[in-house]
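Here are a few exercises to work through with the model open beside you. Try each task before you read its solution.

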Amino acid sequence: MTDTTAVDTTAMDTSAVNATAVEADLIVVGGGPAGCAAAVMAAGLGMRSVLVDPGEALCRTLERIPVLGNVLGFSTGPALAAAITADVARSDLCRVELGRRAVRIGAYEDRVEVVTVPMEASGSGLLLTAPYAVVATGVGPLRPEDVGWIDGGEGLALPPLWEADPAALTGRTALVLGADRPLGTLLRAHPGLDSRFIVACPPGDAYKAEEIAEDPRVELVPVRHLTLAPRLPGEPPVPKAPPVPEAPLTAEAPPTAEMPLTAEVLTVDGGRRTLTGHRGFRNLGSGPTPPGGDLSADASGYCPPSRQHPRVFTAGDLRSARFQRIATAMGSGSEAALSAYYASRDLPTEATDDVSPRA
């Protein structure tokens, strides 16, 4: 990889970013399982790569997954994250740039340019240049205002469910908006958790809710529409969660501020209910987070591989709302790097969307 100080950024609108150029054989945008797999595969093929990620460490999302049930050889997210990070560190041909966000991708006839800026106020930009790029920026959690079935709640800073402290939920009722998979992960990781979960979810979440439907701690409430409002002082307290016939957590709940929540819902059968909880959480799923520039998205905002410039390969959860799993992300990252390798040698490759359309 070669660093130079004279950078011509006129080929793309970089908003006057004062950047230092870094050249490589492959740029990898995103330091999750897909991006890391691409970097490791590229190193195995003799390709010099630059991997850029806005976080302070690789595979940050894995750190909050306490239980894995579908990744060969690993049972916890932190263990997998540590192994992936070690593999990347052993790849001498991969330069890792943490704390940098890719703001724009430019795809041209002979190269790809990626403009990155530091997450901290200090520091200069980097203009990454390579013949090919793998973009694996993944997805980010949706907020209530991002979905069409929730209204109200302006000013309510509902935390995502994966931030919940299980000890602080003991003996409490949690009102959960959406039935995305972090709820199943939480319940599997803490089978003795003495809590009640009221889960309001749209009919489209039914397939996600299958794994939690039989858990006695969960009440699923399929809804057409939900209006949020904080529970006002003087309202009746939320009933304590019923006991769960398993050993409770031994850890005591640390002092924590209650954030009571009330929701008025219209159920799928046309009835109306008022749902209340000691704490409220959003569990609404995710949406794609592509960088700006020359990425082609479909109507749902995802970036299927077959829609991209011949020098750009998308990988991981950014490809589609379907197949968002750790194992498939790693496989797609490896495949993207291999496709770039074949393309660099003028070997035929076929860009296919191995994903079904979003329902």
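**Exercise 1. Find what share of the contacts between residues at least 6 apart in sequence join residues at least 24 apart.**

Solution. Start with the term: a contact means heavy atoms within 4.5 Å. Among contacts between residues at least 6 apart in sequence, 65% join residues at least 24 apart. Please keep in mind that this is a predicted model, where local features need pLDDT of at least 70, side-chain atom pairs count only at pLDDT 80 or more, and totals for chains, interfaces and linings use all residues. Residues are numbered from 1 along each chain as its sequence is written, and side-chain values use heavy atoms, with hydrogens and water left out.

**Exercise 2. Check the length of helix H6 and find what its buried residues pack against.**

Solution. Helices (H or I, at least four residues) and strands (E, at least two) are DSSP runs, numbered from the N terminus.

- Step 1: H6 covers residues 326–344, and at 1.5 Å a residue its 19 residues should span 27 Å. The expected span is 1.5 Å times one less than the number of residues.
- Step 2: The end C-alpha atoms of H6 are 27 Å apart, which agrees.
- Step 3: Buried means under 20% relative accessible area, exposed over 50% and partly exposed in between, with a 1.4 Å probe and protein chains only. Among the buried residues of H6 are Ile326, Gly333 and Tyr341.
- Step 4: The partners of the buried residues include helix H1 (33–44), helix H2 (77–89), strand S9 (132–135) and strand S20 (312–314).

**Exercise 3. Is glycine 285 buried or exposed, and which residues does it touch?**

Solution. Glycine 285 lies in the loop between S17 and strand S18 (286–288). Its relative accessibility is 8%, so glycine 285 counts as buried. Leaving aside residues up to four places away in sequence, glycine 285 touches Gly140, Pro141, Leu142 and Asp180. The C-alpha atoms of glycine 285 and leucine 142 are 5.9 Å apart, although 143 residues separate them along the chain.

**Exercise 4. How many aromatic pairs does the structure hold?**

Solution. Rings of Phe, Tyr and Trp (its six-membered ring) pair if their centres lie within 6.5 Å; planes under 30 degrees apart count as stacked, over 60 as edge-to-face and the rest as tilted. The structure holds two such pairs. Tyrosine 132 and phenylalanine 313 form a tilted pair, 6.3 Å centre to centre with 45° between the planes. This pair links strand S9 to strand S20, 181 residues apart. The rings of tyrosine 341 and tyrosine 342 have centres 5.9 Å apart and planes at 55°, so this pair is tilted.
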